[in-house]
Amino acid sequence: RTNERKEKEVISIGIIASIVVITMSTAARSTQIARTAARSVARRQMSSEPKMHTAKDKWSELLAKRPPKDDIDTHLCFHPPYNGPAVAAGLFVAFAVGYGSMGFGMYHQQKKQGYWK
């Protein structure tokens, strides 16, 4: 029952504050909004019980679910040794496709607009 009363009180304060804000100047309005917001936040914090951070309690459960550590790295994506010719071929293809598509686009526009015959 007290929660309902507090909610109604906060709503009525908000309505009164909005009416006051409409009739005030800009400087007074910003000051009044800041005061009202500070009061409502302070009131809300005082009315509720403290929140408990429970993530630290779950940490041991999280560690228990992890796979056991070993000396072998099981995730081999992007780890050396690299195959040199394959890397060189991949880089060449990436540059060729990139510059080739830009070159073709420029050629197409020049032909389409009549600059190149």
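Is Phe95 buried or exposed, and what is its relative accessibility? In this predicted model, Phe95 comes out at 51% relative accessibility, so this residue counts as exposed. That makes Phe95 a handy place to start, and the overall fold comes next.

The protein is built from helices: four of them, with zero strands. Read from the N terminus, the order of elements is simply α-α-α-α.

Confidence is worth a look before going into side chains. The average pLDDT is 76, and 55% of the residues score at least 70. Among the elements, helix α1 (residues 2-22) has the lowest mean, 64, while α4 has the highest, 95. Where pLDDT is low, the predicted coordinates should not be read in detail.

Helix α4, which covers residues 84-112, has 29 residues. From its first C-alpha to its last, α4 reaches 42 Å, close to the 42 Å expected at 1.5 Å a residue. Just after α4 comes Gly114, with a positive phi of about 85 degrees.

Back to Phe95 and its ring. A search of the whole structure turns up two aromatic pairs. In one of these, Phe95 and Tyr99 are stacked, with 6.3 Å from centre to centre and 15 degrees between the planes. The angle falls under the 30 degrees that counts as stacked. Why are these two residues about one helical turn apart? Phe95 and Tyr99 sit four residues apart in α4, and that spacing is about one helical turn. An α-helix has 3.6 residues a turn, so residues three or four places apart point the same way. Like Phe95 at 51%, Tyr99 counts as exposed, because its relative accessibility is 58%.

The other pair joins Tyr107 and Trp116, whose ring centres are 6.2 Å apart and whose planes meet at 50 degrees, so this pair is tilted. Tyr107 counts as partly exposed at 41% relative accessibility, and Trp116 is partly exposed as well, at 39%.

Phe95 and Tyr99 also belong to a nonpolar patch on the surface, together with Tyr82, Val87, Leu91 and Met102. The patch has about 710 Å² of accessible area in all. One member, Tyr82, is found in the loop between α3 (55-65) and α4. Tyr82 counts as exposed, since its relative accessibility is 55%. The stacked rings of Phe95 and Tyr99 are thus part of this surface patch, with Phe95 and Tyr99 each counting as exposed.

Technical notes:
Residues are numbered from 1 along each chain as its sequence is written. This is a predicted model: local features need pLDDT of at least 70, side-chain atom pairs count only at pLDDT 80 or more; totals for chains, interfaces and linings use all residues. Side-chain values use heavy atoms; hydrogens and water are left out. Rings of Phe, Tyr and Trp (its six-membered ring) pair if their centres lie within 6.5 Å; planes under 30 degrees apart count as stacked, over 60 as edge-to-face and the rest as tilted. Buried means under 20% relative accessible area, exposed over 50%, partly exposed in between (1.4 Å probe, protein chains only). pLDDT is the predictor's confidence in each residue, from 0 to 100. Patches are made of residues with over 30% relative accessible area and no salt bridge: like charges are joined within 9 Å, nonpolar side chains (Val, Leu, Ile, Met, Phe, Trp, Tyr) within 5 Å. Accessible areas come from the Shrake-Rupley method with a 1.4 Å probe; for residues, only the protein chains shown count as cover. A salt bridge is a side-chain nitrogen of Lys or Arg within 4 Å of a carboxyl oxygen of Asp or Glu. The expected span of a helix is 1.5 Å times one less than its number of residues.
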